[in-house]
Amino acid sequence: PHLEGAIHYTISSQHRTTGGWRYKPGDTGDTSQFGWQLMSLISARSAGIEIPIDTWRGANQFLEYVSLGQHGGLACYNPAQKRATHTMTAEALMCRIFLQGSRSQAAIEEGANYISQYGLGQAPTDLYYFYYATLALHQLQDYRWTAWNKAVSRKLVGTQRTDDGQLKGSWDPDTRWGRAGGRVYTTALATLCLESY
């Protein structure tokens, strides 16, 4: 019942016109919050909770709002921004794959190539980007995943704290968003990337 209540809240918080989610129920939506909400719905569906068809329709509609690029495989933060970023493209790519049938294979290829060409990006390390790129490329199981996995694993294992003491095994919050999220944030996202299998 607790899970069902949480999922009902997510469903009722979706914007009725755009199909997105943001910080408050009924907000028009942004790709960042959209991805987290969609993952909760995908997980709930896997657990046997029925999700209304209108919720899925709205989700596909929101992806259309934030889609850019020749084939619609790139994505921006929100419809007003209209500038593709690697992080939002990675998150939208994961959403498209999990929604099964949202957009064409050409859109998926465009998004995956965009991420692959960018690689790990520039300093400081962006673990949020790493997380969604890892989830998305893992689903494809092709040469892009192999190259990404090798690079991200090397980077994360190489930056994990190995010294003695309370910080051993963690990742320092010297990453993009690390100051806001702290050591728990960086360690959680790095761990999620490494356990994507």
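Predicted model: local features only at pLDDT ≥ 70, side-chain atom pairs only at ≥ 80, totals over all residues.
**Overall fold**

The protein chain contains 8 helices and 2 strands. Read from the N terminus, its elements follow the order α-α-α-β-β-α-α-α-α-α. The radius of gyration is 17 Å, close to the 16 Å given by the globule rule for 197 residues, so the chain is as compact as a globular protein of that length. Along the principal axes, the C-alpha atoms fill a box of roughly 50 × 40 × 30 Å. Of the 197 residues, 49% are buried.

**Aromatic contacts**

The count of aromatic pairs in the model comes to 12. Two of them are set out below.

| Pair | Distance between ring centres | Angle between planes | Class |
|---|---|---|---|
| Trp 21 and Phe 34 | 5.8 Å | 40 degrees | tilted |
| Trp 36 and Tyr 132 | 5.3 Å | 65 degrees | edge-to-face |

Trp 21 has a relative accessible area of 2% and is buried. Phe 34 is likewise buried, at 0% relative accessibility.

For Trp 36 and Tyr 132, the angle of 65 degrees between the planes exceeds the 60-degree limit, and the pair is therefore edge-to-face. Trp 36 is in helix α2 and Tyr 132 in helix α6, so the contact ties together parts that are 96 residues apart in sequence. Trp 36 is partly exposed, with 30% relative accessibility, while Tyr 132 is buried, with a relative accessible area of 0%. Both residues belong to one aromatic cluster, formed by Trp 36, Tyr 128, Tyr 131 and Tyr 132.

A contact between a charge and a ring is found at Trp 56: Arg 45 lies over the face of this residue, 4.7 Å from the ring centre.

**The largest pocket**

The largest pocket has a volume of about 530 Å³. Its lining comprises 25 residues, and those nearest the centre are Thr 87, Asp 126, Tyr 128, Arg 176 and Trp 177. Among these, Tyr 128 is also a member of the aromatic cluster described above. Four helices, α2 (31–46), α4 (86–99), α6 (127–140) and α8 (178–194), each supply at least two residues of the lining. By residue class, the lining divides into 13 nonpolar, 9 polar and 3 charged residues.

**Backbone features**

Trp 177, one of the residues nearest the pocket centre, is placed in the loop between α7 and α8. Its phi is near 70 degrees, a positive value in a residue other than glycine. Trp 177 counts as partly exposed because its relative accessibility is 48%.

Gln 141, another residue other than glycine with a positive phi, has a value near 50 degrees. This residue is placed in the loop between α6 and α7 (143–159).

The peptide bond from Ala 123 to Pro 124 is cis, and its omega is near -5 degrees. Pro 124 lies in the loop between α5 (105–118) and α6.

Technical notes
Residues numbered from 1 in each chain as written. Heavy atoms only, no water. 1 Å grid on protein atoms, 1.4 Å probe; cavity = no way out; pocket = protein on both sides within 12 Å on 5 of 7 lines; lining within 4 Å. Points joined across faces, edges and corners; volume = space filled by probe spheres on them. Nonpolar A, V, L, I, M, F, W, Y, C, P; charged D, E, K, R; others polar. Phe/Tyr/Trp six-rings, centres within 6.5 Å; stacked < 30°, edge-to-face > 60°. Buried < 20%, exposed > 50% of the residue type's maximum accessible area, 1.4 Å probe, protein only. Lys NZ or Arg CZ within 6 Å of the ring centre and 35° of its normal. Rg over C-alpha atoms; globule rule 2.2 N^0.38 Å.
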